Amino acid sequence: MRADKRKVVLVGTGMVGMSYAYSLLNQNACDELVLIDVNKQRAEGEAMDLNHGLAFSSSNMKIYAGEYRDCKDADIVVICAGVAQKPGETRLDLLKRNAAVFQSIVEPVSASGFNGIFLVATNPVDIMTRITCELSGFNPRRVLGSGTALDTARLRYLLGEYLEVDPRNVHAYVIGEHGDSEFVPWSQAMVATKPILELCGDGGHSAPVCHDKLDEIETEVREAAYKIIEAKKATYYGIGMALTRITKAILGDEHSVLTVSAMLRGDYGQRDVFIGVPCIINQNGIQKVLTLSLTDEEKEKLGQSCDTLRESYEGIL
């Protein structure tokens with residue numbers, strides 16, 4: 001990866017894609033941003049709009065509408081293209097409608113000579129990430145999805161509010177499918193180095209009330225996207241910022257731990273499935289899946305989530 005120019009290609013200039021692009025610009029996260037969309041005129045208009053804000057930014061980013069051939073020397077290709085999730089529609093219901101879209105994207109990106117990292121945001125993200133890996137033929141460590149990164153951020157925000165602590169000092173994860181079978185492994189949740197399950201019995205939080213509240217928070221995290229879609233038709237700001245965080249971890253070779261969609265190859269006793277788990281992220285993509293010490297009940301939940309994703313994937317073969 002070149003240190004002198006950080007190049008990102010974004011495929012899909014809908015609300016998610018452009019929330020990501022706007023976040024990249026405001027955080028000065030890359031040096032060159034290429035926008036690709038089946039509607040070329042829209043991509044050109046979005047590039048113009050972003051460029052007109054450069055005078056108010058600390059960034060010197062080069063932004064333009066491009067073609068798939070522009071992927072050749074990119075560090076990351078981020079896929080946000082796809083059909084939108086409808087009110088009441090589960091992420092898995094989107095599968096067949098979005099699978100066809102990816103065929104028309106991944107093949108020309110690969111044909112350009114692209115040798116970087118694929119980052120996928122399109123839902124159902126775990127399955128679309130697996131499809132991207134299969135279509136590209138890339139090493140699975142160089143293909144990752146946004147996974148449960150946003151869900152984890154939602155969890156930490158809500159826990160921070162409840163426990164009256166900065167969310168940045170809450171170390172807890174949402175793992176599994178980015179969808180209805182995701183869950184929180186509470187045995188691994190901590191504030192600093194104090195397990196949250198122990199913290200529930202301290203101070204002003206009585207144990208029974210605390211456990212009920214944790215269940216409530218987990219449900220709120222799981223249903224957050226449905227509530228947002230019902231209220232404003234789509235979710236995009238949060239995922240745009242989550243994608244930017246992952247992008248910065250890759251381009252900065254940070255070795256940061258983020259809950260992304262990654263292929264399990266024996267991790268947690270599971271194989272051949274992409275699913276949201278904590279991973280160490282660097283310039284090569286996924287350096288390592290960080291295996292948590294789950295309880296037997298949590299392992300069972302993860303297994304069920306893996307089975308759900310396998311069944312959905314096999315349904316499109």
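Biologist: Which residues of H9 are buried?

Modeller: This is a predicted model, and in it the buried residues of H9 are Glu298, Leu302, Gly303, Ser305, Cys306, Leu309, Arg310, Ser312 and Tyr313.

Biologist: Switching to pockets, how much space lies in the largest pocket?

Modeller: The largest pocket holds about 820 Å³ of space, and its lining has 42 residues, with Val16, Cys80, Ala81, Gly82 and Val83 lying nearest its centre. Helix H1 (15–26), helix H2 (40–51), H3, helix H5 (149–163) and helix H7 (207–232) are the elements that give two or more residues to that lining.

Biologist: What about the second largest pocket, what volume does it have?

Modeller: Its volume is about 560 Å³, and of the 21 residues lining it, Ala149, Ala153, Arg156, Ala242 and Arg245 are the closest to its centre.

Biologist: Which element gives the largest share of that lining?

Modeller: That is H8, with 7 residues, while H5 and E10 also supply at least two residues each. By type, the lining of the second largest pocket divides into 10 nonpolar, 5 polar and 6 charged residues.

Biologist: Last topic, in what order do the strands of the open sheet with E8 come?

Modeller: The order is E7-E8-E9, with antiparallel pairing, and strand E7 (170–171) and strand E9 (194–195) are the edge strands.

Notes: Residues are numbered from 1 along each chain as its sequence is written. This is a predicted model: local features need pLDDT of at least 70, side-chain atom pairs count only at pLDDT 80 or more; totals for chains, interfaces and linings use all residues. Side-chain values use heavy atoms; hydrogens and water are left out. Two strands pair if DSSP finds at least two bridges between them. Helices (H or I, at least four residues) and strands (E, at least two) are DSSP runs, numbered from the N terminus. Buried means under 20% relative accessible area, exposed over 50%, partly exposed in between (1.4 Å probe, protein chains only). On a 1 Å grid over the protein atoms alone, a cavity is a set of points where a 1.4 Å probe fits but cannot get out, and a pocket is an open set with protein on both sides within 12 Å along at least five of seven lines; lining residues have an atom within 4 Å of a point. Grid points are joined across faces, edges and corners, and a volume is the space filled by probe spheres set on the points. Ala, Val, Leu, Ile, Met, Phe, Trp, Tyr, Cys and Pro count as nonpolar, Asp, Glu, Lys and Arg as charged, and the others, Gly among them, as polar.
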